[in-house]
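Take a look at the chain shown here.

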Amino acid sequence: MSPETDATLELDVRRLEPPEPLERILDTLADMPRDARLRVVHRREPFPLYDLLRRLGYQWHTEGADEYFEILIWS
């Protein structure tokens, strides 16, 4: 699967306190269809998430903005 697939789930965790953003992302990924991708909006770059994604076999792309980061995750 490439990041160009249309089946995209959206998850905005900007207003959640740690560790809830990480927990919500992992819960969403566990239920996500294999042909889908997840777009996460986060208030900071979630470095601890990247190692977990790598171990679980996911790929991701992060883009930063002035006020938030967008992380696109797919398997």
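## The model

This is a predicted model, in which local features need pLDDT of at least 70 and side-chain atom pairs count only at pLDDT 80 or more, while totals for chains, interfaces and linings use all residues. Residues are numbered from 1 along each chain as its sequence is written, and side-chain values use heavy atoms, with hydrogens and water left out.

Helices and strands are DSSP runs, numbered from the N terminus (helices: H or I, at least four residues; strands: E, at least two).

## The annotated span

An unreviewed UniProt entry places the feature "domain: DUF2249" at residues 10-74. UniProt positions follow the numbering used here, feature names are shortened, and annotations may be inferred rather than shown by experiment. Residues 10-74 are 34% helix and 32% strand. The end C-alpha atoms of that span lie 12 Å apart.

## The nonpolar core

A nonpolar core is a set of buried Ala, Val, Leu, Ile, Met, Phe, Trp, Tyr and Cys residues joined through side-chain atoms within 4.5 Å. Buried means under 20% relative accessible area, exposed means over 50%, and partly exposed is in between (1.4 Å probe, protein chains only).

The largest nonpolar core has 15 residues. Those with the most contacts inside it are Ile-25, Leu-29, Leu-38, Val-40, Leu-53 and Ile-73. Two or more core residues come from each of helix 1 (20-31), strand 2 (37-42), helix 2 (47-56) and strand 4 (69-74). Helix 2 gives the largest share, three residues.

What does Ile-25 touch? Leaving out residues up to four places away in sequence, Ile-25 touches Leu-11, Leu-38, Val-40, His-42, Leu-49 and Ile-73. Contact here means heavy atoms within 4.5 Å.

## Two helices side by side

Helix 1 and helix 2 pack at an angle of about 20°, and their axes are 11 Å apart. Axes are lines fitted to C-alpha atoms, for helices over the stretch in contact, and angles run from 0 to 180 degrees between N-to-C directions. The two helices are therefore roughly parallel to each other. Angles under 35 degrees count as roughly parallel, over 145 as roughly antiparallel, 65 to 115 as roughly perpendicular and the rest as oblique.

Helix 1 passes helix 2 in a right-handed crossing. A crossing is right-handed if the near helix is turned clockwise from the far one by less than a right angle, and left-handed if anticlockwise. Helix 1 makes the contact with Leu-22, Ile-25, Leu-26 and Leu-29, and helix 2 with Leu-49, Leu-52, Leu-53 and Leu-56.

Now take Leu-26, in helix 1. Leu-26 is partly exposed, at 28% relative accessibility. Not counting residues up to four places away in sequence, Leu-26 touches Leu-49, Leu-52 and Leu-56. Leu-26 and Leu-52 are 26 residues apart along the chain, and their C-alpha atoms are separated by 9.0 Å.

Pro-19 is in the loop between strand 1 (8-12) and helix 1. The peptide bond from Pro-18 to Pro-19 is cis, with omega near 5°.

Ser-75 lies in the segment after strand 4. Ser-75 is partly exposed, with a relative accessible area of 24%. Ser-75 and Arg-34 are 41 residues apart in sequence and 6.6 Å apart in space, C-alpha to C-alpha.

Glu-63 lies in strand 3 (residues 59-64). Beyond its neighbours within four places in sequence, Glu-63 is in contact with Tyr-68, Phe-69 and Glu-70.
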